[in-house]
Amino acid sequence: MGLGYQIAVTLLSFLEFAMFARAILSWFPQGRESKVNELLYCVTEPIILPFRKLLEPFQRGSMIPIDFAFLLAFMMLGILRQVLAYGMY
């Protein structure tokens with residue numbers, strides 16, 4: 001395995017962890033205003049934003065409290081990491 005592969009897999013794993021941590025912190029009111037949450041937001045929002053723009057027409061007026069853009073971005077990171085892992089063998 002090459003160094004580029006290791007860096008890519010590590011970066012994707014870090015991003016998945018950051019998104020998971022952001023989701024957990026969103027459940028706690030004091031977590032939403034912490035410096036850690038601000039850092040996680042800055043790291044993960046550029047990944048989520050394209051999915052948010054893509055899904056915007058479908059979520060207008062929706063009363064469902066689920067951020068489908070976040071879920072889709074999280075799933076895509078996992079799929080991309082798996083494709084990289086299986087593509088190298």
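Student: Which secondary structure elements does the protein have, and in what order do they run?

Tutor: The model is predicted, and its secondary structure comes to four helices and zero strands. Read from the N terminus, the order of the elements is α-α-α-α.

Student: What box do the C-alpha atoms fill?

Tutor: Taken along the principal axes, the box is roughly 45 × 30 × 15 Å. Of the 89 residues in the protein, 27% are buried. Among contacts between residues at least 6 apart in sequence, 56% join residues at least 24 apart.

Student: Which residues make the contact of α1 with α4?

Tutor: On the side of α1, the contributors include Y5, L12, L15, E16, M19 and R22. On the side of α4, they include F70, A73, G78, R81 and L84. Sorted by class, this contact has 15 nonpolar, two polar and three charged residues.

Student: Is α3 oblique or roughly antiparallel to α4?

Tutor: The axes of α3 and α4 come within 8 Å and cross at roughly 135 degrees. That angle makes α3 oblique to α4. The crossing of α3 and α4 is right-handed.

Student: Which residues of α3 and α4 meet?

Tutor: From α3, the residues are I47, I48, F51, R52, L55 and Q59; from α4, they are F68, A69, F70, L72, A73, M76 and L77. By class, the contact of α3 with α4 divides into 11 nonpolar, one polar and one charged residue.

Student: How many residues has the largest nonpolar core, and which elements give two or more residues to this core?

Tutor: A nonpolar core is a set of buried nonpolar residues joined through side-chain atoms. Here the largest such core has 11 residues: L12, L15, M19, I47, I48, F51, L55, A69, F70, A73 and L77. The elements giving two or more residues to this core are α1, α3 (35–59) and α4. Take L55 as one of the core members. Leaving aside residues up to four places away in sequence, L55 touches F68, A69 and L72.

Student: Is M76 buried, exposed or partly exposed?

Tutor: Buried means under 20% relative accessible area and exposed means over 50%. M76 has 39% relative accessibility and so counts as partly exposed. M76 belongs to helix α4, and is one of the residues that α3 meets there. The C-alpha atoms of M76 and I47 are separated by 10.0 Å, although the two residues are 29 residues apart along the chain.

Student: What is the case for P50, and how far is P50 from Q6?

Tutor: P50 lies in helix α3. Its relative accessibility is 49%, so P50 counts as partly exposed. P50 and Q6 are 44 residues apart in sequence, and their C-alpha atoms are 25 Å apart in space.

Key: Residues numbered from 1 in each chain as written. Predicted model: local features only at pLDDT ≥ 70, side-chain atom pairs only at ≥ 80, totals over all residues. Heavy atoms only, no water. Contact = heavy atoms within 4.5 Å. Nonpolar A, V, L, I, M, F, W, Y, C, P; charged D, E, K, R; others polar. Core = buried A, V, L, I, M, F, W, Y, C linked by side-chain atoms within 4.5 Å. Buried < 20%, exposed > 50% of the residue type's maximum accessible area, 1.4 Å probe, protein only. Axes fitted to C-alpha atoms, helices over the stretch in contact; angles between N-to-C directions. Parallel < 35°, antiparallel > 145°, perpendicular 65-115°, else oblique. Left-handed = near helix turned anticlockwise from the far one by under 90°.
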